[in-house]
Amino acid sequence: MSAVDYNRCIRCGLCLQTCPTYLETMTETSGPRGRISLIKSVAEGGLDLTSPGFLHQMSECLDCRACEAVCPSGVPYGRLLEDARAQIQEERAPSQDARTRFGRWLVFQQLFAKPSLFRAAASLVRFAQRTGLDGLASVFGLGDAAKLAPRISSRFFLADGRRIEARDAVGTAFLHVGCIMPVAFPQVHDAAVRMLVRGGLNVVVPAAQGCCGAIAIHAGEPDVSRELARKNIVAFEDSGADVYVVDAAGCGSMLKEYADLFTGDPAWHERARRFSSRVRDVTEVLDGLELDDRIGRIDADVTYQEPCHLAHAQRVTAAPRRLLGKIPGLRLVEMNESAVCCGSAGVYNLTQPDMAGRLQRRKVENIRETGADIVATANPGCAMQVAAGLRADGSDARVAHVVELLDEAYAAYQPL
Ligand code: SF4
Ligand code: SF4
């Protein structure tokens, strides 16, 4: 929690109306300006790091970074929050019970660090989902986690070292596979590969890559994130690719900010900086490629749900809309508050179920007002949260990644 960072706040309040938790509560402490004041108080010794009020605010904040995107003083809010969470975890670790310590070790140092273990766990979850055994999770105190687990796909997208050649290639892309995407949304990776190849990029999917480390850093485990970052940097350096393509906004923002993990390590900081300069969201890449006009129609109304980590952290808002606009028959109907978080935010559903539910209902209401048949987005967390909210609302609107819709339109092309 650097003084240089929090002292940049001039308390203008311009960020307040962008903050989802402020909009819901209308209280100063549940907004960015209030949280920055709390962080400053803790850093300067006026408030205890583990005081209930501080812990609540560091947990209730979604890390959506909407405040950061509009701040005229350039307060790096995401960095302040992540530093605070890391300090809280460091302080609490020695007194955490054995079950908590084991759980954190299992999740952060094993599951997210080892893709084969993650796939094995996903296979177990899939088995439980298909046989109804997930209903027993509540017996073990895991009811909420089971309810919120993504529907695991019948097949996984593997980072298996494959290389797909484009005709008249203009470059080579490395596809970031991640952890949730390949087990719950393999069809998005498939669509991304086909679209990149259509746009003239060879695609490589190196086996040596891994989780981006975002889940770990949001949970106050920067050492785990650094280890994962080193692995991805080395995999990319060895891949011979020109660009590192990501189709999950949360992963993309993490990968673009790897240098922040290595501030005290000049050699890795430089490697991370070079790596991050090549990272692009798939919508940015496709928006910049020459796509041919052999594209079919999708006759429907679509609305676009901005993933926070694409809109606010990466500041990518126009490219996804331009891509949707290329699809004949598809009519974009903007929703109110498209850039306000849907309440997904990693494990926020588990840690802050009440606020997550309020934001989910707010989002569904805004979607319903558009009358759209399809909600397009670009992040797995948003896709799951919005789809669950729509189901609970009795809506049959479909949720899809922008790249899936684009790929479907190309697949639907029929020559005259
Ligand atoms: S917009 Fe920036 S400077 Fe203004 S109150 Fe918010 S964080 Fe502080
Ligand atoms: S990151 Fe999001 S939830 Fe947290 S203070 Fe900023 S706008 Fe509010």
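A charge sits over a ring if NZ of Lys or CZ of Arg is within 6 Å of the ring centre and within 35 degrees of the ring normal. The model is predicted. Start with Trp 268. The charged end of Arg 271 lies over the Trp 268 ring, 4.2 Å from its centre. Arg 230 also places its charged end over the ring of Trp 268, at 5.5 Å from the centre.

Next come the aromatic pairs. A pair of aromatic rings is described by the distance of the centres and the angle of the planes. The count here is nine aromatic pairs. Take Phe 112 and Phe 118. Their ring centres are 5.3 Å apart. Their planes meet at 45°. Planes under 30 degrees apart count as stacked and over 60 as edge-to-face, with the rest tilted. The angle of 45° therefore makes the pair of Phe 112 and Phe 118 tilted. Phe 112 has 14%, so Phe 112 is buried. Phe 118 has 12%, so Phe 118 is buried too.

Phe 236 and Tyr 244 make another tilted pair. Their centres are 5.3 Å apart, with 55° between the planes. Both residues, Phe 236 and Tyr 244, are buried. They also belong to one aromatic cluster, along with Phe 174, Tyr 258 and Phe 275.

Now turn to the ligands. Where does ligand 1 sit? Ligand 1 takes up the space of the largest cavity. Four cysteines are among the residues around ligand 1: Cys 9, Cys 12, Cys 15 and Cys 71. By class, the shell of ligand 1 holds eight nonpolar, two polar and two charged residues.

Two elements give two or more residues to the shell around ligand 2: helix 3 (32-43) and helix 5 (66-70). Pro 32, Arg 35, Ala 66 and Cys 67 are among the residues around ligand 2. The residues around ligand 2 also include Cys 19, Pro 20, Cys 61, Leu 62, Asp 63, Cys 64, Arg 65 and Tyr 77. How many polar residues does the shell around ligand 2 have? The shell around ligand 2 has no polar residues, with nine nonpolar and three charged.

Technical notes
Residues are numbered from 1 along each chain as its sequence is written. Chains are lettered from A and ligands numbered from 1 in the order in which they are written. This is a predicted model: local features need pLDDT of at least 70, side-chain atom pairs count only at pLDDT 80 or more; totals for chains, interfaces and linings use all residues. Side-chain values use heavy atoms; hydrogens and water are left out. A residue is near a molecule or strand if one of its heavy atoms lies within 4 Å of it. Helices (H or I, at least four residues) and strands (E, at least two) are DSSP runs, numbered from the N terminus. Ala, Val, Leu, Ile, Met, Phe, Trp, Tyr, Cys and Pro count as nonpolar, Asp, Glu, Lys and Arg as charged, and the others, Gly among them, as polar. Rings of Phe, Tyr and Trp (its six-membered ring) pair if their centres lie within 6.5 Å; planes under 30 degrees apart count as stacked, over 60 as edge-to-face and the rest as tilted. Buried means under 20% relative accessible area, exposed over 50%, partly exposed in between (1.4 Å probe, protein chains only). On a 1 Å grid over the protein atoms alone, a cavity is a set of points where a 1.4 Å probe fits but cannot get out, and a pocket is an open set with protein on both sides within 12 Å along at least five of seven lines; lining residues have an atom within 4 Å of a point. A molecule sits in a cavity or pocket if more than half of its atoms lie within 2 Å of its grid points.
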